Amino acid sequence: MRDNLLKTRVTRWLTFIYLFSLLLASLSLLTCLAATLATTKVSVSPSSITAYVNQDFSIDLVIGDVVDLYGWEFKLSWNPTLLSVVSVIECPFLKTGGNTFFSHNENQDTGHMIVDCTLLGLVPGVNGDGILATITFNVKTAGECPLDLYDVLLLDSFERQIISEAIDGYGNFSASDHDIAITSVYVSPRNVLPGQMVQVNVTAQNQGARAESFNVAAYANSEIIGTQPVSLDSGTSRIIQFTWDTTGHSKGVYTIYANATAVLGEVDMADNNKTADETVTILYNGHDIAISSVEPSKTVVCETYCISIVVTVVNYGLYPESFNVSVNVNSTILETKNTALNSGDSVKLDFIWNTTGFTKGNHVISAYAAPVPGETETGDNFKTDGIVAIAMIGDIIPDGVVDIFDVTTVAVAFGSIPYNPNWNPNADINNDQTVDIFDIVVVALHFGETG
Amino acid sequence: MNKTSLIALAMLATVGLALIPNLAGADPAVEQTWVRMRGLVTHYGATPVFGGLWAHARMVDVNDSYREWAGSHAIWSDAPKHINCTEPPTENFTYILYAAKLVNSSMIELNYLEYNFYISGVWNVDKVTFAYYVDENGELISYSWTIEPVVTGAEGELRVLQSWTRFELAITGVDLISGIVVHYAIGHMEIKIGDINSDNMVNIKDLVGVAKKYGAMPALGNYEFEMDFNADYKIDIGDLTTLAANIQAP
């Protein structure tokens with residue numbers, strides 16, 4: 001009897017343990033299944049985009065169901081014929097876990113970007129849903145293309161990869177119905193004496209799908225020459241003539257441009273303004289040359305490195321002239337060049353300043369054109385324009401120490417060449433017209449130095 | 001990571017040396033060779049020390065115009081317990097290390113004389129003394145460091161020998177610095193600074209690797225000299241920026 005009771009109890013316990021184990025196994029299986037189903041998703045939002053030509057639009061890179069996110073990277077490609085990147089901005093999701101480091105690099109030619117962000121230090125990653133980054137594009141021309149999100153790399157605080165799924169976006173871009181433009185501005189003659197007339201021919205075009213009425217104005221520098229109303233059918237263009245009376249205007253170089261007022265519903269207003277390819281020079285009735293600008297290529301140059309100084313000289317007189325132009329650093333003549341100019345012409349002269357032997361600190365740059373025979377207007381033969389600081393090597397933010405501000409300045413301009421939006425000539429320390437690793441290395445080698 | 005495991009890693013890396021003769025996609029008008037190496041400093045003269053050496057070089061021939069560039073620095077100390085320490089200090093202490101930096105290279109060669117790799121140039125060597133101040137709970141209150149030049153503008157040679165297994169750094173006026181090569185790579189495409197995990201690309205994996213050491217300094221935090229690209233004795237925003245600059249869009 002006692003044995004039977006014991007046997008029953010043991011059987012009950014074994015059954016309980018078996019069922020409990022089965023329950024645990026089932027729960028583990030369910031947890032694994034749930035984890036598999038809850039794969040982290042990174043997606044372009046909105047997934048379907050429509051925008052007009054010349055309009056900016058933004059997309060978010062959204063992450064969902066992430067656990068312990070410490071750092072992320074993604075690549076995005078687009079059709080560079082249709083779109084150009086305006087900005088890439090970090091969003092606050094990762095910052096909820098602490099301080100972050102964010103970097104991005106775009107290749108506008110191939111239509112690819114890579115964007116990275118990481119937390120800093122020994123902190124846990126962040127969880128949940130959020131926005132990683134916002135990217136703004138400008139539509140260059142009509143068409144459609146995918147915004148292909150790929151090579152998404154998510155790392156947790158143990159530097160392990162988080163499995164994720166990338167979801168693309170798709171854009172459809174069209175021209176606006178309303179679009180007018182100034183397509184050309186011609187001036188004639190280019191050289192005049194005060195009181196003579198200049199003909200300004202402005203071509204306006206209706207690039208939209210509907211008939212439009214608008215005003216066109218022409219300007220000489222900031223002074224208005226005149227305004228005329230224009231009506232154009234879709235796809236047509238017309239030349240509008242203006243006459244500029246130069247009476248009362250002093251000698252000088254004048255920039256002529258035209259503007260068309262925007263029509264209702266117009267998106268592309270960048271081409272509503274146009275500047276004439278050639279300037280108009282109002283001459284002086286006699287012999288007269290002048291320095292019109294002095295432009296050092298940098299504001300900060302490192303000791304022993306070279307800098308270019310471009311001097312623009314103009315012949316305002318009625319006669320061809322040959323004369324000497326010199327560039328001064330403080331009161332020291334750097335170099336003298338001879339140049340010859342016909343009436344109304346100008347030229348840019350390039351001078352190279354090797355800073356070896358010059359002291360650190362600010363130096364005043366000036367240029368002087370030696371007066372020509374018969375010249376009486378000599379006040380503009382000398383021009384001071386710009387101060388150049390000589391700093392110790394690597395100290396491109398010249399505060400006496402090579403530090404993170406110098407590194408960051410080079411990093412911001414990294415990969416740029418002249419005329420790129422992020423070009424900074426001061427960061428091109430070695431003057432090879434590219435801000436590259438060689439410039440970073442110069443700063444890095446001198447990092448921490450003071451003087 | 002302790003010294004033993006680092007040496008084991010070094011030996012493993014030396015056995016599995018990386019040679020990257022990647023010519024695919026190279027511009028035929030540009031012949032370039034990149035070299036990267038990392039080493040463990042084991043001796044300063046006859047004194048056993050612990051530290052690291054980093055060198056990165058580019059030799060390029062563009063339409064018969066030859067240019068070369070090299071960067072290199074080494075950090076070492078005879079107080080191994082403080083480098084790479086993972087435990088915070090619990091009392092005030094000072095810590096001395098030595099740092100050699102290549103200022104200007106004059107000659108960079110592969111397979112020169114009996115050396116596998118050779119850089120000559122001008123070096124600076126500094127003695128750096130850190131002072132760390134902590135409270136009774138081991139929390140850091142402040143720190144400072146002073147730099148005393150040992151030699152400035154001295155001629156020196158970095159020589160890699162014995163089939164890329166050992167190196168010696170001979171700088172005029174200081175004892176011979178020597179050690180073992182833990183990794184090297186030779187390529188005809190750019191070998192980028194910042195490829196911490198040596199997978200021939202610079203990406204978020206490298207960035208996170210450095211970010212996790214953010215704020216680390218010798219003897220304080222998990223400092224790794226090879227992540228201190230600018231050799232300023234601290235893993236900080238400058239190193240992250242240098243690395244990020246090498247993450248390029250396709």
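Me: Why are α2(A) and α3(B) called roughly parallel to each other?
Reply: In this predicted model, helix α2 (residues 404-412) of chain A and helix α3 (residues 237-244) of chain B pack at about 15°, with axes 10 Å apart. Angles under 35 degrees count as roughly parallel, over 145 as roughly antiparallel, 65 to 115 as roughly perpendicular and the rest as oblique. The pair is therefore roughly parallel.

Me: Which residues make that contact?
Reply: A:Ile404, A:Val407 and A:Ala411 of α2(A) meet B:Ile237, B:Gly238 and B:Thr241 of α3(B); contact means heavy atoms within 4.5 Å. By class there are 4 nonpolar, 2 polar and no charged residues.

Me: What makes α3(B) mostly covered?
Reply: Of its 8 residues, 7 are buried, where buried means under 20% relative accessible area, exposed over 50% and partly exposed in between (1.4 Å probe, protein chains only). B:Leu240 and B:Ala244 are among them. The cover includes β5 (100-107), α2 and α3 (437-445) of chain A, together with α2 (204-211) of chain B.

Me: How do you know how α2(B) runs relative to α3(B)?
Reply: The axes of α2(B) and α3(B) come within 10 Å and cross at roughly 175°. That makes α2(B) roughly antiparallel to α3(B). B:Asp206, B:Leu207, B:Val210 and B:Ala211 in α2(B) meet B:Asp239, B:Leu240 and B:Leu243 in α3(B).

Me: How are residues and chains labelled, and which parts of the model count?
Reply: Residues are numbered from 1 along each chain as its sequence is written, and chains are lettered from A in the order in which they are written. Local features need pLDDT of at least 70, and side-chain atom pairs count only at pLDDT 80 or more.

Notes
Side-chain values use heavy atoms; hydrogens and water are left out. Axes are lines fitted to C-alpha atoms, for helices over the stretch in contact, and angles run from 0 to 180 degrees between N-to-C directions. Helices (H or I, at least four residues) and strands (E, at least two) are DSSP runs, numbered from the N terminus. Ala, Val, Leu, Ile, Met, Phe, Trp, Tyr, Cys and Pro count as nonpolar, Asp, Glu, Lys and Arg as charged, and the others, Gly among them, as polar.
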